[in-house]
Amino acid sequence: MLRFILLTGFYLLGAWYATAFISSPNQVTLFWPASGIAFAAALRYGPRWALFPIVPILITHYTFSPVPPAFLPFSALSNVIGALAGYYAANLPDRQARMSVRSGFRQLRGAVVMGTVSGLIGSTGLVWSGMLPLHEFWPAFAKWGMGDLLGILCVGPSMLLLSSPTIRHPDLPRESDYSSMREKIFWVVALAFCYSVFYVGGMRNSLYSLGLVALPLSLMIWSAVRFEPIWTVLGTAFAILFLTSVIGLGLAGFQPPEQPQDAAVLLGFMCLFAIIPLVLVASVLEQQFASRKVLRRATTDAATGLPNRAAFEEATMRALLMSNGQHGLAYLDLDHFTLINDTASHAAGDALIHGIGSLLKARGGGESQVFRIGGDEFAMLLQGEPEAIRRQMDEVRHAIESYRVGWQDHVLNTTVSVGLVVFWPGQLDFSRLLSLADAACFTAKELGGNRVFLASQQPGELQERTEAMRWAVRIREALDRGLFELDCQDIAPLRGQQLEGRHFEVLLRMRDPATGERLAPGHFIPAAERFQLGVALDRHVVELVMSWLESRPDAAAQVGLCAINLTAASLVDEAFRHFLIERVKRSELPARKLCFEITETSAVRDLARAQELIMRMRRLGCAFALDDFGTGFCSFNYLRTLDVDYFKIDGSFVRDLDNSPLSNAVIRSITDIAHVLKKRTIAEHVENDMICEQLRDLGVDLAQGFGLHRPEPIDDFFRRG
């Protein structure tokens, strides 16, 4: 009932305003804002609300706008049937949907249909009741329809936006995405000034006064780009009301349109004036929505819904710059999580990860923030006193220990090791803080796991016996003693093409200084990157490979393409870049036989430096491959910038090719994009002939993996010939 009373009141107000444009009942008003109220009511609340105008129309005609009785049914039906026709023509799938360009044009279609239907019925009524002669039917129809259309464009969006329920969605723009209140106040003052200038110009009978209409239009465009949609919608509505009133009522020296053609031109112009800002604000809103959606996906872990590592780094950087009390960083690593993946399946592990993520989110509370930063690793940012933070993390540890997940015939549970660092803002930089937390977590694991280890910021107080630090020591010793060795793995063609020479990737192995065991890169590369040993390792590998080939001309003659991996740090290290260029220049090995592999993630971390290295090395004749392609963020966006020769499709997609339609689609897409860009694709981790056949069908050019060739020491590789 309250809604009906409000709508009726607004409708009567619009009808009363419209009668100011006519001097007798047999005239058609220039502007009918009440049509916007009827149209908005039908769209927002459903088609049955298209009937409510009957009451205010009857009140209007029995009070301040009397008409012959024969015209009454036509007047009522023009509004009711017009609103219904507009509702069904708009065909909005969701009455509560957010503002968008598509829904806006649907509403515009509905508005045009409503104006057309209403104009036909109303003009017919005017002729039928004898209020207009038959020869004036079409001018009356055009004026009625365009007056309704302008009324809908003026009032409809405001009514829809003001009556819209609050929509909570993580991708919708926030208040911080828009400009400050100071700018909005300046905008209001500027708008009032424009209207004043327009009014004064009209009073002085200036021939150029109408040109000043561009001023409020430009301000509407400003608000569409900078402010919340409601500012543009209400500003446009007020602008239409003001300009139509001043010109249509003959105020400030303006002459009201007397001829149908003049009225049509004025109404058409005002309709365009209303449409342009509304389309722009909907477009800006869609762009903001899409940008936030991309940002959310880039900073959210898909498996748990928690913020991911990128969001964690940003939040931690902010915490380090804040000035309100102590903070705590907790680094959580699930104990023996690989056992769950190995015994119960990866799907079971994912279910447990998801559950623990929800548990941490519930336990976080207050000002705590929870992140998933790795496969079985989480992080929490906390505020408070050290003892309070320690107690909170003990409660979290106990909650995870008590947590159970049922999975088929298994009951899954795990424990967690927590490394905790309490710090004051500005006391540490990010890398030092993360290193302390990571090392504390390793120490908690070494002490048996399922515990919280509180680290101190003072050097030497944190235990030195962490696994990562041990690996760093082993790597340095191996570099000093020359304990790194080279393996090679064939890269084979899939589509029958002939390769010039042997194509292979160089794989690094390390002799453990303590045990003499031959270790794969997975054991030591993470520690090398964490402790800034990647550049030294890359220099050693490049020197090792090139020296070996230079000392064996017969083997070098067999090489068609030798692929060497580079770590992320080397891409941005100026000294390494200089070393690599000079080393290739002075080598007897042709540069065209060298291919350097970089990961997609490391390349986009500093795109400019990565592209500079690629460009300079390609000038020498070297090739480049983008490794682990498809697993990074917005992969295809950087392809034009990163001028590489090969895309190495990540092995996770290749391994799942048999039972994953998604992997099939991803590989096909990567291959198609590569061929469009005149690049070649290499599939990694090819384990059997069936996968080879599928990759061949998908158009992949080359492949490597245990199914084709197992890595072997470089001496054996070339001895085999």
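Q: Which helix does Met146 lie in?
A: In this predicted model, Met146 is part of helix H6, which covers residues 137-162.

Q: Is Met146 buried or exposed, or partly exposed?
A: Met146 is partly exposed, because its relative accessible area is 23% and the buried class ends under 20%.

Q: And what does Met146 touch?
A: Leaving aside residues up to four places away in sequence, Met146 touches Ala264, Leu267, Gly268 and Cys271.

Q: How far is Met146 from Glu395?
A: Their C-alpha atoms are separated by 68 Å, and the two residues are 249 residues apart along the chain.

Q: Moving to Gln326, where is that residue found?
A: Gln326 sits in the loop between helix H11 (309-321) and strand S1 (327-334).

Q: Buried or exposed?
A: Gln326 is buried: its relative accessible area is 14%, and under 20% counts as buried.

Q: Which residues does Gln326 touch?
A: Not counting residues up to four places away in sequence, Gln326 touches Leu382, Gln383, Gly384, Glu385 and Pro386, and also Val422, Phe423 and Trp424.

Q: Now the nonpolar cores. How many residues has the largest one, and which have the most contacts inside it?
A: The largest nonpolar core has 75 residues, and Leu580, Phe596 and Leu695 have the most contacts inside it. Helix H18 (residues 534-550) gives the largest share of this core, with eight residues. Apart from this core lies another, of 60 residues, including Leu30, Ile240, Ala263 and Cys271.

Q: What does Leu580 touch?
A: With residues up to four places away in sequence not counted, Leu580 touches Val542, Leu566, Phe596, Leu613 and Met617.

Q: What about the overall fold: how many helices and strands are there?
A: The protein has 27 helices and 18 strands. Of the contacts with a separation of 6 or more, 72% are between residues 24 or more positions apart.

Q: What is the radius of gyration, against that of a compact globule?
A: The protein has 36 Å, whereas a compact globule of 721 residues would have a value near 27 Å. The C-alpha trace spans about 110 × 65 × 60 Å along its principal axes.

Q: What share of the residues is buried, and what is the accessible surface?
A: Buried residues make up 50% of the 721 residues. The accessible surface comes to about 34,000 Å², and 57% of that belongs to carbon and sulfur atoms.

Conventions. Residues numbered from 1 in each chain as written. Predicted model: local features only at pLDDT ≥ 70, side-chain atom pairs only at ≥ 80, totals over all residues. Heavy atoms only, no water. Core = buried A, V, L, I, M, F, W, Y, C linked by side-chain atoms within 4.5 Å. Buried < 20%, exposed > 50% of the residue type's maximum accessible area, 1.4 Å probe, protein only. Helix = DSSP H or I, 4+ residues; strand = E, 2+ residues; numbered from the N terminus. Contact = heavy atoms within 4.5 Å. Rg over C-alpha atoms; globule rule 2.2 N^0.38 Å. Areas by Shrake-Rupley, 256 points an atom, 1.4 Å probe, with all protein chains shown as cover.
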